[in-house]
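My notes follow the display.

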Amino acid sequence: MLGIAGLYVTGIKAGRSALLRTQAVNLASDMADRIRANRRAITAYDMDAYGGAPTDQSCIGNDCTSAELAEDDIFRWQAAIEAALPG
């Protein structure tokens, strides 16, 4: 019984790890799609430009420049990462 319990725990850990990897890949793919959609501001996606803390530009439904859209994309992407992945 102890052997089965150990396998069960190992299976649960492996499943959680696989889920987190899948979420990370999906988030990376999302950002790649955002960058491809906003090619004019490709350099604005450099995280160093915002000191690691981009701000919400509220570009959904509003007119924004390409650079503002890039900053908004990064802000929303970071929020999605914090919501989906552990610390």
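These are my notes on what I looked up.

I worked from a predicted model, where local features need pLDDT of at least 70, side-chain atom pairs count only at pLDDT 80 or more, and totals for chains, interfaces and linings use all residues. Residues are numbered from 1 along each chain as its sequence is written, and side-chain values use heavy atoms, without hydrogens and water.

Helix α1. I took helices as DSSP runs of H or I, at least four residues, numbered from the N terminus. The 36 residues of α1 (residues 2–37) should span 52 Å at 1.5 Å a residue, and the end C-alpha atoms are 53 Å apart, which agrees. The expected span is 1.5 Å times one less than the number of residues. I found L20, L27 and M31 buried in α1; buried means under 20% relative accessible area, exposed over 50%, partly exposed in between (1.4 Å probe, protein chains only). The buried residues of α1 pack against α2, with contact meaning heavy atoms within 4.5 Å. Y8, also in α1, is exposed at 59%.

Salt bridges. I counted a side-chain nitrogen of Lys or Arg within 4 Å of a carboxyl oxygen of Asp or Glu. The structure holds five. One of them joins D56 and R76 (3.4 Å, N to O). D56 lies in the loop between α1 and α2 and R76 in helix α2, so this pair ties together parts 20 residues apart in sequence. R76 also meets D72 at 2.8 Å, N to O, and D72 is buried at 2%.

Residue E71. Which residues does E71 touch, beyond those up to four places away in sequence? I found Y50, P54, T55 and Q57.

Notes: Helix = DSSP H or I, 4+ residues; strand = E, 2+ residues; numbered from the N terminus.
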